[in-house]
Structure formats: structure tokens, C-alpha cells
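Welcome, and thank you for taking a look at this structure. Have the chains open beside you while we walk through a few of their features together.

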Amino acid sequence: MSARSRPGATAWLLAVYVFLYVPILCLIVFSFTAGEITTQFDGFSLRWYGELARDEELIDAVLLSLRVGALAASAAVVVGTAAAFVLARFGRYPGSAAFAGLTTAPMVMPEVVIGLSLVLLFTHPLFAFLGGRGVAAIWAAHTTLCTAYVTVLVQSRLREMDRSLEEAALDLGCPPFKVFFVITVPVIAPALVAGWLLAFTLSMDDFVLAAMLSDPGSTTLPVLVFARLHHGLKPEINALATVIVAVVSLAVVVANRALLSAQRKRAAALRHAAGISPMDAPAVTLPNTHIRR
Amino acid sequence: MKPPRFVLARGRFWVGLLPWAWMLLFFALPFALIVKVSLSTPELAIPPYVPPFVMEPGAVLPQLRPDLASYRRLHDELLALGTSGADLQYLSAWGSSLLLAALTTLLCLLIGYPFAYHIARSREAARNTLLMLVMLPFWTSFLLRVYAWMVLLDSSELGLINRLLLAAGLVDAPLQLLYNSGAVLLGMVYSYLPFMVLPLYANLVKLDQRLLEAAADLGARPGTTFLRVTLPLSRRGIVAGSMLVFIPAVGEFVIPDLLGGGDVLMIGRKIWDDFGPNQDWPMAAAVAVTIVLVLIAPIVLLHRHGRTDGRSSGRNAEAGQ
């Protein structure tokens, strides 16, 4: 059946990929124009890349976005991993259902609503100690949004992983915190890396939260780009888009390779561990249990 | 042997404290503030509203004196529905938001379902690359992808599509492609398509081929097999993908602002305007409350399907190991 529908399938796949990529390719092509018009190719030139490199306002915005993105992603991995641990390991306790809803809700709330709610928090007189609107507010907003995504990623990894490794370490008398850092973290590391990267791109890309929570001193890249889009189209934006597409493509390819090889290594290590543990486990556990009693 | 129960319990408290405190402070509490501000009175101040609490002389606790003006405004528009010449800006913004979100979801499903199906049926080695190609635009800047459509659809003779049409002699004058609901719909389908494709793919790739073969062996034609086997089995993916598109599409602000011009008012944009230029925070908060109320049903639907799906995929992964 699949062989018969092949030509149609290929045509459909091709058509959708054309739809997805033609706009991006147009941006890239016209970033190399020498003229002022975004849709007319007046000869090849790197003029707009030069303009981009000299645009200090834009470079400042990029640096701020990178900083907020890295800080928000790191915080989201910490908070999200703790949340995922609570969800995957603590079972049911009073409020557990509420917690599950609370951690994933930012993913399904329109950003305008989250943004408005956080503006109300940061401008509230009682919460003046949070510092009002500004970079810290944007960081907190991005951390909250990204935590939801990290939680989902890490939680599914925690549920998949082989619990017997953790239990063995606990049986051998390893304190829970050490078990977490020595056993659990290396096993879930690919999910932590993937979560960090996802959080970083979400933060770099967010316009709505950053715009609502920014003050004059905190213009992130999307906020600046949005303002410029209202002042007319210039090939400089095309050059910026081309740089972003190039960096992201490279990063995605590298990250994908690294994750795949890490997964293979982990699978091999687990196979190796599984091969020896059934024989060794009882011999090791019994005397130890005896001593602890 | 595991550490004593009380050690675990104390450890659990400290592990749970950080995410609980964070989500309460930065998500639950701000939501309560939205409800509070929606009951407040707008005023020229910083922040621009008077809280709905009044301290009576001699009372221990402040009294709640809600100002329902913002909700009354929405309610009055609802009552004025059908009256000619009535000012229905919020209601019509809601209407166009729901309509555009529904159309976006439908188009994403119609484009995305065959697309995800064919990716799931392609060679195993190719699937990873095909999926990554779907994700790649999603990882690049959202604003710049919308900007790309501004360039393509530009309504002057400089717009890329208009230039092609003029050069081909298909039209005499540039078409008005940008700044209408069609442009907004196009931009939304373009931006949200990956949200539809990924859950559908995750669902369709697990489809048991033997069921299709069994149906074929029993004499079902491909169309019948699709309608009676594939489609019902992928229901969860359809619901999850549709909700992942519909929910953010309802509150979308950037795409209607950049591609819709002044004509396409959506509810996310009304919040933005009331929050920004109009400085009517209570009204913005009241509209936000209505958005949350309207979206509760789709969110619950997504939660139920997403969760069961996650559990079953976890079970499959375990079985596969």
C-alpha cells in the first residue's frame, strides 16, 4: 500500500517543506543585496552584514538576550529538575495534583495572559522588593515559562530510567542527595541538556513577555526587532535573520549528534551494568543490610 | 536498606520547596492578581488602578468593594449583540480570535496530518532528518519568520509575490496581500504547523502496521482502512495537536499586529492595547480572565490526552528496552 502511494506522499512532503522554507530562503537571498530594498537584488554585497556589525544598539540587544537566555535556561533546569523529581518520585500527597497543574500550566496559557499577570506582580507595591520591571523581571518570567518545558522533558526521562540503579545505591547506604548527583544526574543528563537548549531558545525568541516586562534599559533582541519592523523593512534585518538561521542550524546539528552519541553510550553502559548486576546484587546487599541494622 | 522515613520526608520537603515556591510566587499569585485587578477601578496612578479593598474605620480586615465596570462592559456588549450601530469592539475581537484560531487549527490539521503520516511511514533512517527539518524553522526566530511573510506579501509593487505576478503579467496592479485576515491566517498556519505535526507524528509512528495489513487482508480498501483504523487510532494525536495550535492561537498578538494591520483586531491585541496605550489595566485583566475561562475546556482536553499519551509512550519505551 505504501509503495503505491509513494509519489503522492513525496509530493506532499515536498510541498510542505517548500512552504516552510521558501520564506526563510528569500530572507537569506536578499540579505546579500547591495541595494536598500528587501525584494530587489541589486548585485551581491556584504554591505548589510557590515551595517549589522556596526549597529551597537542591536549588538547590545543580542548580548542582553544571550545573557537573559543563559541565566533563564540555567535557572529553569534547576527548578524544572526539582519539579520533575517531585512529580516523578514523590507519588501522591496533598496538593500533588495542584502541583502537576501548576508546573505545566505556563505551557498552555497564552503569553499575553502570563505577561499581564507578571506585570501586575512586578508593579505591585507589596512586591517592590522584586525590583519592578526590568532585566530581572524578564529573567523570572522566562524561567517560569521554560521551567514548564524542562519539567516535562526531565519528568519523562525520570519515569523511563531504570530505578534499580538508584535503589541499589540507597541500599548500599548512599545518602539520597549523593544518589541524585552521582547516579540520577548522569542518567538524565541528555534530558537536562535538551531542556537547557530548549529553554535557551524559548527565552531568546520570546517577545511578548520581554516587551511587557521591559523598562527603557532592558531591550532584548526580539523587542528591538519588533520595534524596527514597525519602522519599515530593511535588508539589515535579513542579514540578522541569516546569521540566526546559520547559528541555529549549526547548533541543532551539533546538539543532535551529541545527544545521539550520548544516548548510545548510555545504552551501552546500561547493558554492561545489567549484565553483571543480577549476580552481584544479592551478595553485596545482604551483608550491608545486616550491618546497618 | 533505604534511609529512615523521616529522613526522606525532610529531604522531600527541601526538594519540593524550590519549585513549589517558584510556581506559587511567579504563576499562581500573579493569576490571583489578575482577578483582583479586574475588579479594580482604573486611575491615573502608578500602578494605574485603585484596588478593590477598602479599609473601614474600626474594621480588622479590609472590605472587598469590587468595581464590576470592566465585566459590565463585556456583558453590555453581549446584550447589545444584534443591535445595529452598537460598539462591539471586545465581542468582535473575541469573534475574530475564535474564528481565526479555529481556521488555523483546521488548516494545520489538513496540511499536517498527511505530512506527519508520510514522515511516520518513510524509511526509519530518513525520519530523524525529516523531523529535524520541521523543527528547524521552529528553533529560529519567530519574529523573523513573520517578517519573511511581510516581505513576501508586501502590497506595493515591491512585494515579492506582487513582483512575480506583475512580471508574469497575471495582474495589472499590485494586489492588496498584506494587512488583512487572510495574511494573518497564513502567518498563523505557517508559525503553528510544527505544533500540529509533532504530536501527530509521535502518535502515527506508533501505529501497529499489522492492523493495516489485517484490514487489507480482510478486503478493506485503503480509504476504508484509513477511516476505520488509522483515523480512530490517531484520535489522541489529533486532539493534542489541535489543542496545541488552538490555545496559543486564541491569544496570539504578534502575528495579527504585524500581518493584520489596523483592521484585524484580536483579543490578545485588545489586552495589549488596554495594557499599553489605553492604560486601562482593569479592562485588560477582565479580558484576560475571560480568555482563561474560555480556554479551560481545551486545556483540560489537552491535559487528559497529553498525559495518557505520555504514559503509554513511557510504557512502550520500557517494553522496548
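Predicted model: local features only at pLDDT ≥ 70, side-chain atom pairs only at ≥ 80, totals over all residues.

| Helix | Residues | Number of residues | Reach, first to last C-alpha | Expected span |
|---|---|---|---|---|
| α5(B) | 142-153 | 12 residues | 17 Å | 16 Å |
| α4(A) | 96-108 | 13 residues | 19 Å | 18 Å |

Let us begin with α5 of chain B, whose reach is close to the expected value. Is this helix enclosed or open? Of its 12 residues, 11 are buried, so α5(B) is largely enclosed by the rest of the structure. Among those buried residues are B:Arg145, B:Tyr147, B:Trp149 and B:Met150.

Helix α4 of chain A also has a reach close to the expected one. It has a kink of about 25° at A:Leu102, shortly before the proline A:Pro106. Both A:Leu102 and A:Pro106 are buried, as are A:Thr103 and A:Thr104.

Next comes the largest nonpolar core, which has 154 residues. Which of them touch the most other members? They are A:Leu116, A:Ala199, A:Leu213, B:Ala116 and B:Ala288. Helix α3 of chain A, residues 56-89, gives the largest share of this core, with 16 residues. Setting aside neighbours within four places in sequence, A:Ala199 is in contact with A:Ala72, A:Ala73, A:Ala76, A:Val77, A:Cys146, A:Tyr149 and A:Val150.

B:Ala202 belongs to helix α7 of chain B, residues 181-204. Is B:Ala202 buried or partly exposed? A residue needs 20 or more C-beta neighbours within 10 Å to be buried; B:Ala202 has 19 inside that distance, so it counts as partly exposed.

Finally, look at where the two chains meet. The contact takes 67 residues from chain A and 74 residues from chain B. On the side of chain A that touches chain B, there are 46 nonpolar, 15 polar and six charged residues.

Key:
Residues numbered from 1 in each chain as written. Chains lettered and ligands numbered in written order. Contact = placed C-beta atoms within 7 Å. Nonpolar A, V, L, I, M, F, W, Y, C, P; charged D, E, K, R; others polar. Helix = DSSP H or I, 4+ residues; strand = E, 2+ residues; numbered from the N terminus. Expected span 1.5 Å × (residues − 1). Bend = angle between axes of the 7 residues up to and from the residue. Core = buried A, V, L, I, M, F, W, Y, C linked by C-beta atoms within 7 Å.
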